[in-house]
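Hi everyone, thanks for making time. I'd like to walk you through one structure today, so please have a look at it while I talk.

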Amino acid sequence: MYQISRIGRLTKNARSVSSMIGSRSTNTSNTTLVNNKIKNETHSIRQYANVTGGNIMSSTFSKTPMGIFADQLFLQPINPATNQPITDLKIDTKITLQQKYEKAYLYKEQWKNTSAIDKKIMITKFRDLLVERVDKLASDLTDESGKPITQARNEILAVVERINFFLHNFEDIVADKVIRTTDKFKELLVQEPLGVIANISAWNYPFFISLNVIIPALLTGNCVLFKPSEFSSITGLNIMALLYEAGVPEPAFQIVLGKSIISQSLLNLPIDGVFFTGSNATGKKISETLVGRMVKTQLELGGKDAVYVHKSADIYKAAASVADGAMYNTGQGCCSVERIYVDKEIYDKFTQELVNVVKTFKFSFDPKNPKTYFGPLTRGVAQIEHLQKLIGNALKRGAILELGGNVVEDAPGYFFAPTVLSNVHENMDIQKEEIFGPVVTIQPVSGVEEAVAQMNNTAFGLTNAVYAQDSKVANFVIQKSNTGTVYWNACDRVSPYLPWSGRNQSGIGSTLGVEGIRNFVKPKAIHLISPGPAQFFGESYASEIIPPTNPDLESLVAQKASQSIQYTDIDNAAPTELFPPVEIDFQVEDGHDEDGLLSESGMPDIEEDHPDPNEITDDDMSILEDIKNQLDSNKKNE
């Protein structure tokens with residue numbers, strides 16, 4: 001195992017915001033493995049192609065018996081930790097794709113009419129098979145993506161909670177609902193499946209992302225054409241095999257293998273819905289392809305996820321949480337932290353602590369070692385060159401390299417050193433473009449208003465986070481963030497019970513939550529008029545959406561007046577806490593707790609010990625007394 005040593009430190013003087021700006025050298029660093037440690041060599045950023053020739057080998061497609069046309073018939077997954085081919089997978093053609101679509105189309109009515117209990121049995125069997133086969137599934141995922149084995153296991157086991165959520169909630173969403181019944185008419189709301197949908201999925205969390213679509217789509221009666229990423233096709237085949245073993249009929253779920261060209265062919269079919277997770281650029285192309293088709297579309301695209309660390313935050317806990325949020329899965333996540341904004345009063349201390357935490361994460365060339373935290377970059381050379389370009393641009397414009405900065409010399413695969421950059425500013429490309437690697441930036445701010453302005457200064461809108469003890473600061477960030485998700489004292493976290501959605505260039509639509517189930521059905525309104533006799537439809541009925549009374553202006557004005565009474569001086573009151581403080585043991589090495597309760601990042605979800613909400617505390621009595629006194633005062637004034 002290797003420890004990440006701190007590199008790129010360019011001065012020993014005490015750090016201060018004013019002395020750093022424009023005053024340090026902007027040399028870059030590349031990392032070299034020497035005596036089992038990473039050391040620093042300062043020189044200009046070099047191109048990855050100039051690394052020792054034995055490190056990165058070209059694809060072997062052209063050496064196969066099929067010659068240069070082999071990659072048009074086969075996929076050859078490459079292990080990014082070793083750069084060695086794993087196997088050959090036969091890809092789909094337009095002919096086989098058309099056959100699969102026709103099979104799904106002809107079967108969609110039968111699958112739609114399959115009972116809910118039968119579907120639940122199949123998906124429950126599939127869930128149990130995931131747990132039973134977790135070791136083999138995780139091993140395959142590590143081989144093809146480089147994801148460290150512990151993180152691969154975490155992903156598979158954590159997806160169980162998502163499946164349980166879908167199993168518990170889908171029936172209520174698809175159930176027919178009576179809206180109104182009278183002597184003369186009846187109104188019904190029916191939900192029907194979309195039909196045949198395309199799921200074009202991503203490689204970075206292939207179980208999470210794929211099953212966020214596959215499971216609710218199947219449960220709600222849709223047939224699925226599943227196109228996994230070319231970088232996670234083996235995992236895609238494993239998902240298919242387990243679904244079939246669990247009893248899901250082949251026409252209801254079929255896999256489509258290939259590169260981007262087969263995805264384009266898939267989009268050209270008369271499908272009823274497209275559910276895509278991937279890059280913003282690809283999402284735009286999909287949107288342009290579907291223009292005018294009126295096809296249900298959900299696009300989960302990139303993020304430029306930001307964190308604000310307020311001066312009231314616990315620096316050590318915040319640094320531990322943010323470091324994991326930035327570096328987990330080697331930073332290859334749409335909600336991985338990429339930008340950190342820190343109050344200048346604690347900027348130096350936080351930067352130092354963040355670097356110290358990242359240095360404790362275990363680095364190894366063997367992603368199957370259970371203690372390995374950092375894996376290789378899944379997409380290889382293209383990903384490395386993207387990171388080098390962003391880092392080089394930032395360093396030339398005044399950024400300071402606190403740690404890492406380049407590929408690891410003599411690595412057997414696509415390993416990039418964890419990188420921390422400070423003294424960045426909003427005009428740098430690294431603050432604008434999605435990074436998608438083990439790289440994070442830190443920028444000082446004057447306070448919460450500047451922090452929120454910078455956090456929202458992006459084309460994306462996936463997540464923002466705030467670390468603070470002061471609930472007013474947290475509420476301000478939450479209210480002002482133009483993102484689909486906001487965290488307080490957390491980051492890089494996904495819950496199956498809440499919608500996962502983006503704004504602006506981060507996409508459209510939602511997965512997870514009940515909204516993520518409704519995505520897969522379409523409503524049908526049914527109006528039934530009685531043919532004659534009274535109570536033809538039975539007893540009169542009004543659902544909860546029918547207003548029992550009509551609101552009147554006088555009562556609304558009175559309600560507004562009662563809500564405007566102020567019982568305390570909020571502006572001068574001491575900061576309040578929405579939740580009691582919690583002692584957090586950040587387990588940054590393994591990414592899981594003893595019970596296996598997992599967040600998206602692999603960090604344990606924290607069960608907070610809240611007081612009984614029905615218990616009247618001394619604080620409650622004090623508040624009630626204040627209200628009573630205020631009301632007595634109002635009566636006297638009257």
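Of the 638 residues in this protein, 52% are buried, where buried means under 20% relative accessible area, exposed means over 50%, and partly exposed is in between, all with a 1.4 Å probe and protein chains only. Before I go further: this is a predicted model, so local features need pLDDT of at least 70 and side-chain atom pairs count only at pLDDT 80 or more, while totals for chains, interfaces and linings use all residues. Residues are numbered from 1 along each chain as its sequence is written, and side-chain values use heavy atoms, with hydrogens and water left out.

The protein exposes about 29400 Å², an area from the Shrake-Rupley method with a 1.4 Å probe, where for residues only the protein chains shown count as cover. Carbon and sulfur atoms supply 52% of that surface. As for contacts, meaning heavy atoms within 4.5 Å, take those with a separation of 6 or more: 72% of them join residues 24 or more positions apart.

Now the secondary structure. The protein has 17 helices and 27 strands; these are DSSP runs numbered from the N terminus, with helices being H or I of at least four residues and strands being E of at least two.

Six strands make an open sheet with mixed pairing, and the order is 12-11-10-13-14-24. Two strands count as paired if DSSP finds at least two bridges between them. The edges are strand 12, at 253-255, and strand 24, at 507-508, each of which pairs on one side only. What packs on this sheet? Helix 6, residues 206-219, does, and it touches strand 10 (196-200), strand 11 (223-227), strand 12 and strand 13 (273-277). The direction of helix 6 makes about 170° with that of strand 10; axes here are lines fitted to C-alpha atoms, for helices over the stretch in contact, and angles run from 0 to 180 degrees between N-to-C directions. Helix 7, residues 233-245, lies across strand 11 and strand 12 and runs at about 155° to strand 12.

At the strand 24 end, strand 14 and strand 24 run antiparallel and are joined by two bridges, with L299 standing opposite I508.

Strand 14 covers residues 296-300, and E300 is found in it. The UniProt record, an unreviewed entry, annotates E300 as "active site"; UniProt positions are given in the numbering used here, feature names are shortened, and annotations may be inferred rather than shown by experiment. Is E300 buried or exposed? It counts as buried, because its relative accessibility is 7%. Leaving aside neighbours within four places in sequence, E300 is in contact with F276, T277, G278, C334, W500, S506 and T511.

Next, a different set of strands. Strand 8 (residues 177-181) and strand 9 (residues 185-193) run antiparallel, joined by four bridges. They form a hairpin with three residues between them, and T181 has K186 as its bridge partner in strand 9. Strand 8 also pairs with strand 27, residues 541-542, in the antiparallel sense over two bridges; there, R180 stands opposite A542.

Finally, the charges. Side chains of opposite charge can pair when their charged atoms come close. How many salt bridges does a search of the whole structure find? The number is 15, counting a side-chain nitrogen of Lys or Arg within 4 Å of a carboxyl oxygen of Asp or Glu.

Here are some of them. E171 pairs with K120, with the closest N and O atoms 3.0 Å apart. E171 lies in helix 5 (residues 149-174) and K120 in helix 3 (residues 116-132), so this pair ties together parts 51 residues apart in sequence. Both are partly exposed, E171 at 32% and K120 at 24%.

R153 and D135 form another salt bridge, at 2.3 Å between the closest N and O atoms. This one links R153 in helix 5 to D135 in helix 4 (residues 134-145), 18 residues apart. R153 is partly exposed at 30%, whereas D135 is exposed at 52%.

E345 and K311 also form a salt bridge, with closest N and O atoms 3.8 Å apart.
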